[in-house]
Amino acid sequence: MDALALEAKGAKTDSPAAGPAPVKRPKPPKKAKRIVYFEVEILDARTKEKLLLLDKVEFLRDICLHPPTDQHWYPARQSLCLDPKAKSLKDEDILQQLPVGTTATFYFRDLGAQITWAKVFLAECAGPLFIYLMFYFRLPFIYAPKYDFTTSKHWVVHLACICHSFHYVKRILENMFVHRLSPGTMPLRNIFKNCSYYWLFAAWMAYYINHPLYTTPYYGQQQVKAALIIFLFCQLGNFSIHVALRNLRQPGSKVKKIPYPTKNPFTWIFMVVSCPHYTYECGSWVGFTLMTQCVPVAFFTLIGFIRMTVWAKGKHRNYVKEFRDYPTLRSAILPFIL
């Protein structure tokens with residue numbers, strides 16, 4: 001190939017007519033981000049007493065690493081705010097972005113003993129599991145003495161115990177291996193309020209289902225078998241949704257995404273519902289209600305549906321607010337209804 005052909009293709013030649021190749025100038029180095037440190041003064045929110053003085057502080061979490069005067073104030077029970085009556089600030093807040101001067105004053109509040117959310121959920125689920133079994137085995141002081149440690153003659157009672165235990169064992173395992181729980185905490189004093197709802201309802205339901213005078217469902221085996229199918233179907237659906245929501249976000253990521261149906265048929269309900277895990281949860285308790293034909297179970301199902309509807313509508317509003325392209329066909333918990 002001759003020089004003309006090379007030039008026609010835009011190739012460089014050694015001809016003296018061609019000028020020297022342009023020399024690329026190196027890019028100037030980026031300026032290092034200026035880090036501003038603050039001097040921080042910590043005051044007691046109630047007494048206004050000076051507790052601590054720190055220098056060279058950048059993030060709010062750096063303050064929590066220095067418990068003010070008392071070692072039992074571990075970071076989880078500390079609350080810092082700009083005003084004694086203001087809301088608590090977040091650990092990841094940067095002082096440079098807060099309305100403070102180079103000498104910042106914060107007010108300290110003791111939130112009391114804390115418990116992690118993982119332990120809260122464990123207590124909520126383990127309590128009903130063991131309480132129900134106490135009534136199932138008819139421990140003393142529950143029913144008349146002649147029924148102590150006896151078993152029911154109705155097979156539906158044993159099936160109900162299996163289903164109830166399966167439900168809460170599933171929830172415990174999901175909390176351990178499926179859900180990515182936040183590292184946040186809750187005041188220990190609130191655990192009794194959180195757990196009493198599940199524990200007391202479990203005792204109320206178990207008392208009547210395992211009672212020696214319990215009567216079986218009106219339509220017999222057909223009703224029980226149909227209810228069992230509903231219960232198992234919704235339990236599988238609930239688990240499938242939890243797995244899909246887990247896979248939606250990478251470990252440690254805080255980026256929120258719109259959940260969409262996957263190849264799993266149980267997730268196709270995402271096309272019309274924003275919170276199908278609540279839909280399946282309610283369906284499970286509807287099946288358990290039909291299986292046992294017990295008024296306390298029906299009441300627990302109704303209260304649970306109301307609670308989950310409130311949660312679902314709140315999450316649905318957040319989805320619509322955060323994502324402009326959020327599917328308009330979706331409802332909160334019941335397709336095309338609610």
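Modeller: Let's begin at one spot: helix H7 is followed by Gln293, whose phi is positive, near 50°. Keep in mind that this is a predicted model.

Biologist: What makes H7 a helix of the expected length?
Modeller: H7 covers residues 276-292, which is 17 residues, and reaches 24 Å from its first C-alpha to its last. At 1.5 Å a residue the expected value is 24 Å, and the helix is close to that.

Biologist: And why do you call H7 largely enclosed?
Modeller: Because 15 of its 17 residues are buried, H7 is largely enclosed by the rest of the structure.

Biologist: Let's take one residue. Why does His167 count as buried?
Modeller: The cut-off for buried is under 20% relative accessible area. His167 has 2% relative accessibility, so His167 counts as buried. You'll find His167 in helix H4, residues 155-177.

Biologist: Which residues is His167 in contact with, beyond its neighbours within four places in sequence?
Modeller: Phe231, Gln235, Glu281 and Trp285. Contact here needs heavy atoms within 4.5 Å.

Biologist: Now the rings. What makes Phe201 and Phe299 an aromatic pair, and why is the pair called tilted?
Modeller: The structure holds 23 aromatic pairs. For Phe201 and Phe299, the figures are 6.1 Å centre to centre and 40° between the planes. Ring centres have to lie within 6.5 Å, so 6.1 Å qualifies as a pair. Planes under 30 degrees apart would be stacked and over 60 edge-to-face, so 40° makes this pair tilted.

Biologist: Buried or exposed: how do you class Phe201 and Phe299?
Modeller: Phe201 has 12% relative accessibility, so Phe201 counts as buried, the cut-off being under 20%. Phe299 has a relative accessible area of 38%, so Phe299 is partly exposed, between the 20% and 50% cut-offs. Both rings belong to one aromatic cluster, which also includes Tyr168, Tyr197, Trp204 and Trp285.

Biologist: How do you know that Arg307 lies over the face of Tyr197?
Modeller: Arg307 is at 4.0 Å from the ring centre of Tyr197, and the distance limit for such a charge is 6 Å. Elsewhere, the charged end of Arg330 sits over the ring of Tyr260, 5.4 Å from its centre.

Biologist: What makes Glu174 and Lys170 a salt bridge?
Modeller: Their side chains meet at 3.1 Å, N to O. A salt bridge needs that distance within 4 Å, so this one passes. Glu174 and Lys170 both lie in helix H4, four residues apart, about one turn of the helix. Both are buried, too.

Biologist: How many salt bridges does the structure hold, and which residue does Lys256 pair with?
Modeller: Two salt bridges. Lys256 forms one with Glu322, with the closest N and O atoms 3.4 Å apart. This pair links distant parts of the chain: Lys256 is in the loop between helix H6 (220-247) and H7, Glu322 is in helix H8, and they are 66 residues apart.

Biologist: Why are Lys256 and Glu322 called partly exposed?
Modeller: Lys256 has 48% relative accessibility and Glu322 has a relative accessible area of 41%.

Biologist: H8 keeps coming up. What do its buried residues pack against?
Modeller: They pack against H4, H5 and H7. Among them are Pro296, Phe300, Gly304 and Tyr319. H8 has 28 residues and reaches 41 Å, close to the 40 Å expected at 1.5 Å a residue.

Terms used:
Residues numbered from 1 in each chain as written. Predicted model: local features only at pLDDT ≥ 70, side-chain atom pairs only at ≥ 80, totals over all residues. Heavy atoms only, no water. Helix = DSSP H or I, 4+ residues; strand = E, 2+ residues; numbered from the N terminus. Expected span 1.5 Å × (residues − 1). Buried < 20%, exposed > 50% of the residue type's maximum accessible area, 1.4 Å probe, protein only. Phe/Tyr/Trp six-rings, centres within 6.5 Å; stacked < 30°, edge-to-face > 60°. Lys NZ or Arg CZ within 6 Å of the ring centre and 35° of its normal.
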